[in-house]
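User: I'd like to go through this protein with you in a few quick questions. Could you take a look and help me read it?

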Amino acid sequence: MGLIPMKTKIQNQFFLSYLFLAVIPLLALSYYSYYTIKTNAQKELVRTISFDMQQSQASLDALYLRFQRYMDILSNSSTFYNLALPALGDIKQGNIQHAKYIGTTGLDPQIKSLFATDDVISAAMVIIDGRVVYSYKSFVSVTNDFKSNPIIVTTEASPNMRWFSNQVTPFGSFDGTYSVITKNIYNIMGNNPSEILCQIILLVSQQKMNALLNNELRFADSIIRVLDTDDTIIAGNDHALPLSDHQIALMTQKLPLDQNSNNISYIDKFFVLHNISNVTNWRIVQLSSSRHVTEASSSIILFSTILAAALLILMFLFSFIISNEILLPIKRLANAMKKVGEMNIKMAVMPNSKNEISEIASGFNQMVDRIDHLFRHTIEIESQKRKSEIDMLKYQINPHFLYNTINSIRFSAMKHKDEITARMLVTLSRLLRNTLSHPSNVIALREEIQNTKDYISLQQLRYDHHLNVEYQIEEQTAHLLVPHMILQPIVENAIMHGLNQNLNTGAKANIILSSFLKNSTTLILSVHDNGIGIANQIIDNLLVQPSTLSSDSLRIGFVNIHKRIRLQYGEPYGIEIESATGFFTNVKIILPVLDTMEDAQAHFINEGGTNE
């Protein structure tokens, strides 16, 4: 038996399921692990460089305060003042040698005792009127005149301590690069307090300054720079990274102005942190490479990649095995089912294994045989049924024949002067015509009332007008559309069951037929009679499925109308029954307000009674 291959999506679905259930969660977990490790590494890096920067800043602030303390001690020392004042007089008189002698013999013991334990200071000088009168640790010739030196000139213009960094051989005799700290000492005890008595100058090797910062760093490739308010680099460490001081300055300009040691910026693959000293008002900037973070998380990326690749390979192998063992038989079975769906019931599937799929194939073959048998049996039954229906149609009464026959009987009654019978036949003819020939399943309420009046007229003639009917139809409801033949069965039940005893005994038999709008969307039709009523236990079961007994006409009428309304319009529409045994029965028919056929179509879609 030949089979046409049919493409199935099971393999694709299996692949996607595996992808969503295994690979994607693994990748998500890997990403989460990577992100967590990266975040923790970044936090640790921030904590480390923040701590290092704070330590560097504290060391620099302490050094600055120490230098300031040295200047304050010397400027407030009476001994220093008493020696510097005579030396100033000697300089003014041109006696430079004597001024130097005073400085060397008088100032040397005091300055040596002050700086003896400080290995950061490379040299110290006292300059009066541009001439060196004292030099600690190094000798500067008194013949040199530093009056026009830029450091001296700048210091003379400021009353505060000044700091000059990266000064190459600032006074000619000191080889190397230095940070120079200067301060003016004023003649506060003389006649001119604004006169500069002398200048104290301290020289610190720039290499020692940089080493001071470098000692506080735990990452060897970190970069630290200290900048003054003019963005001049005061100190910084040596580094192996290919960054110039100009590039560092440009990166610094990108930092937010309000950044502090609690936050960090990521610029050009560097984590950058900076802070401003409350002591010196200098900025300290530290840069650390992002590789410290990526190195910590790269292992998890490598592991996740290898694991994901291994899982994908296993998935393809598993998919291949499933395809041969499971999917191929399923494809054959699906193809056979498709052919059966196309009414080819001669299909059969040959089982090629001994498993559940083989059992399904055997069951499918049995089902196809059974369908073929039932199909042939159904064709035979339908053929017999069609023949029977044709035979039955031959004996159906033609409505026109019925109308003509009733008219013939009416003419005969009129000929014999039986006017009551003639009137009954006219009413019956009109009632049958409206009932059997109406083209739609809905009708205007006024027409439904007229049909009901025809039926009531027949009953009034039958009971010799002992039946009284009152119509309370609101004018605004007369044009509304209602289901065809909905009032007559209710009125018939009221006469045949509720009022039958009254009509046969001559008691009052009253029916009130009314209509009104409950609201803008609900129409109420009411049939009220003063008959024997209905017991409560009967009412409770009256609207369920009708009895199988053809004599149970009361239940059949109510159930059929109630079910018809529910099928057409759904809940909450239908029938409600109120009754008091021996007094009355009031049947309410609850319907939607339908002004036009379009409204009717919106509520009743097709003949099956589908509610939209």
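Predicted model: local features only at pLDDT ≥ 70, side-chain atom pairs only at ≥ 80, totals over all residues.

User: How many helices and strands does the protein have?

Analyst: Helices (H or I, at least four residues) and strands (E, at least two) are DSSP runs, numbered from the N terminus. On that basis the secondary structure comes to 16 helices and 17 strands.

User: What percentage of the residues is buried?

Analyst: Buried means under 20% relative accessible area, exposed over 50%, and partly exposed in between (1.4 Å probe, protein chains only). Among the 612 residues of the protein, the buried share is 42%.

User: Which residues does Phe-115 touch, not counting residues up to four places away in sequence?

Analyst: Contact means heavy atoms within 4.5 Å. Phe-115 is one of the residues that touch the most other members of the largest core. Its partners beyond those sequence neighbours are Tyr-70, Ile-121, Ala-124, Tyr-136 and Leu-202.

User: Are H2 and H3 roughly parallel or roughly antiparallel?

Analyst: Axes are lines fitted to C-alpha atoms, for helices over the stretch in contact, and angles run from 0 to 180 degrees between N-to-C directions. Helix H2 (residues 78-92) and helix H3 (residues 96-115) pack at about 170 degrees, with axes 8 Å apart. Angles under 35 degrees count as roughly parallel, over 145 as roughly antiparallel, 65 to 115 as roughly perpendicular and the rest as oblique. So the pair is roughly antiparallel.

User: How do H11 and H12 cross, left-handed or right-handed?

Analyst: The axes of helix H11 (residues 445-462) and helix H12 (residues 488-498) come within 10 Å and cross at roughly 25 degrees. That makes H11 roughly parallel to H12. A crossing is left-handed if the near helix is turned anticlockwise from the far one by less than a right angle, and right-handed if clockwise. This one is right-handed.

User: How many of the 11 residues of H12 are buried?

Analyst: The buried ones are Gln-488, Pro-489, Ile-490, Val-491, Asn-493, Ala-494, Ile-495 and Gly-498. H12 is largely enclosed by the rest of the structure, because its buried count is 8.

User: Is Asn-210 buried or exposed?

Analyst: Asn-210 sits in helix H5 (residues 206-214). Leaving aside neighbours within four places in sequence, Asn-210 is in contact with Ala-235, Gly-236 and Asn-237. Its relative accessible area is 17%, so Asn-210 is buried.

User: How far apart in space are Gly-130 and Lys-147, C-alpha to C-alpha?

Analyst: Gly-130 is in the loop between strand S1 (121-128) and strand S2 (131-136), and counts as buried at 3% relative accessibility. Gly-130 and Lys-147 are 17 residues apart in sequence, while their C-alpha to C-alpha distance is 3.8 Å.

How values were computed: Residues numbered from 1 in each chain as written. Heavy atoms only, no water. Core = buried A, V, L, I, M, F, W, Y, C linked by side-chain atoms within 4.5 Å.
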